[in-house]
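Welcome! Please take a moment with the sequence and the model below, and then we will walk through them together.

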Amino acid sequence: MKKFIFLFILILINTSYVIPNSPNQEYKLLTDTDASYPPYWSNDSESIYFNYWNGDSLLLGEINLNNFKINDITSGAFLSGINPINNNILCIQVDEANSTKLNILTKEGTFVKTLEIGTQDYLRPVLSPDGKYVYYAKIGSPYTMSIEKNVIFDIEINQVAKEFKSNIIRNPRSWSVNNELLFISSSSSLLKGEDKFTMNLYSLNLNNGTYKKITENHYVLWGAWSPDGEKIISSIYLTPNSETDLAILDRNGNILKSFVHPNDRVAYQMPAWSPDGKKIAFIIAESVEGQDYPKYSLALIELDPSLQSGPRPEKIPEIKLVTFNVYLYGGIAIGILLLAIAGFLFIRRKK
């Protein structure tokens, strides 16, 4: 994380394109080439925050969807989230000692604080829906990207609030208003730990520590909750030998709508749902012949009313930090079962 090698050139245009196989749906191309990812929304759903490269500087910018003008906020800050309450910015920065820091900035780019987290201890930090906590993970293996430890960090008191272990493989940075964390795993069952090639979406309920498998037999690269926590927008392989497409899913993984590009050299990546539930921001990655990296563009979908989510609740449900490992639940269940068997045998012997 100490070097950010992105070749982003921002060219602002205002053109709409119809997404093939998606009648009455359009996406608006906001940048013509090499925008950063993932994008994040402002709380009023009227602007999108993103990184881009301008010459030799990594810039953090905000594009206003009313006039399509870009406001440069700061440089050298890799965007990791927007506080859903006050629009403060969570970002990764490198200080003068070449040390990586997880910092909070105001929406104008003014420094607020550095979170007291060890350098390189975090991966894919995620802001909670109430803006009070950050979830991050410590990696156990750089090869499998399996997570050794999960941490929930209290921003206000600037210290760890909860640590727990789990079978989470990869977290796509999405924490719902229902206090559920989306993640991706290659295991067919978290309890059995069977290795499979497919990467499916799971949710971890932070209120009670239970897991739920959302998709079946898919290769999913990204997932993000809708603002009301009832739908998911995902970046997913829908057709063989193609790049990733977009799909809107219900909470059980059923596909409600797919957005498929006919060109198998074009991928839709890292979508983010606007807080008002009406729009999707995402990245278009197009393979370019003779170029080692894709051409990245920032794009926007305005959803048909039938596909829209409800807006984020004005009052966010209370977040509880009761997070248990599945193995603990298994141990408790086995213990109860053994006690029941022992009681049955004791009663039978007395008879």
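## A buried glutamate and its partner

Glutamate 180 has a relative accessibility of 6%, so it counts as buried (under 20% relative accessible area is buried, over 50% is exposed, and partly exposed lies in between, using a 1.4 Å probe and protein chains only). Glutamate 180 forms a salt bridge with arginine 251, and their closest N and O atoms are 2.8 Å apart. A salt bridge here is a side-chain nitrogen of Lys or Arg within 4 Å of a carboxyl oxygen of Asp or Glu. The pair links distant parts of the chain: glutamate 180 sits in strand β15 and arginine 251 in the loop between β20 and β21 (255-259), 71 residues apart. Helices (H or I, at least four residues) and strands (E, at least two) are DSSP runs, numbered from the N terminus.

The model is predicted, so local features need pLDDT of at least 70 and side-chain atom pairs count only at pLDDT 80 or more, while totals for chains, interfaces and linings use all residues. Residues are numbered from 1 along each chain as its sequence is written, and side-chain values use heavy atoms, with hydrogens and water left out.

## The other salt bridges

How many salt bridges does a search of the whole structure find? It finds three. Besides the pair above, lysine 213 and glutamate 216 meet through their side chains at 3.5 Å, N to O. Lysine 213 is partly exposed, at 26% relative accessibility.

Aspartate 276 and lysine 279 form a salt bridge too, with the closest N and O atoms 3.1 Å apart. Aspartate 276 is partly exposed, with a relative accessible area of 23%, whereas lysine 279 is buried at 14%. As a general idea, side chains of opposite charge can pair when their charged atoms come close.

## The whole chain and its confidence

The protein chain has one helix and 24 strands. Of its 351 residues, 51% count as buried. Among contacts (heavy atoms within 4.5 Å) between residues at least 6 apart in sequence, 46% join residues at least 24 apart.

How confident is the predictor? pLDDT gives its confidence in each residue, from 0 to 100. The chain averages a pLDDT of 78, and 74% of the residues score at least 70. Over residues 20-25 the pLDDT stays under 50, and the model has 16 contacts beyond four places in sequence for them. Residues 323-330 are also below 50, with 17 contacts beyond near neighbours in sequence.

## Two nonpolar cores

A nonpolar core is a set of buried Ala, Val, Leu, Ile, Met, Phe, Trp, Tyr and Cys residues joined through side-chain atoms within 4.5 Å. The largest one has 19 residues, and those with the most contacts inside it include Tyr27, Phe259 and Ile301. Among the elements that give two or more residues to this core are β2 (26-31), β22 (266-273) and β24 (295-302). β22 gives the most, with four residues. A second, separate core of 18 residues includes Trp41, Ile48, Ala272 and Leu300.

## Strands side by side

Two strands pair if DSSP finds at least two bridges between them. β23 and β24 pair in the antiparallel sense over eight bridges, and alanine 281 stands opposite leucine 300 in β24. Six of the eight residues of β24 are buried, so β24 is largely enclosed by the rest of the structure.

Now look for an open sheet of four strands, in the order β3-β4-β5-β6, with antiparallel pairing. β3 and β6 (70-75) stand at the edges with a single partner strand each, so one side of each is left without a neighbour in the sheet. β4 (residues 47-54) and β5 (residues 57-64) pair over eight bridges. Asparagine 51 has leucine 60 in β5 as its bridge partner.

## Residues in loops

Serine 45 lies in the loop between β3 and β4 and is buried at 3% relative accessible area. Its phi is near 65 degrees, a positive value in a residue other than glycine.

Arginine 173 belongs to the loop between β14 (159-164) and β15 (180-187). Arginine 173 is buried, with a relative accessible area of 16%, and touches residues including Pro38, Phe78 and Trp222.

Conventions:
pLDDT = per-residue confidence, 0-100.
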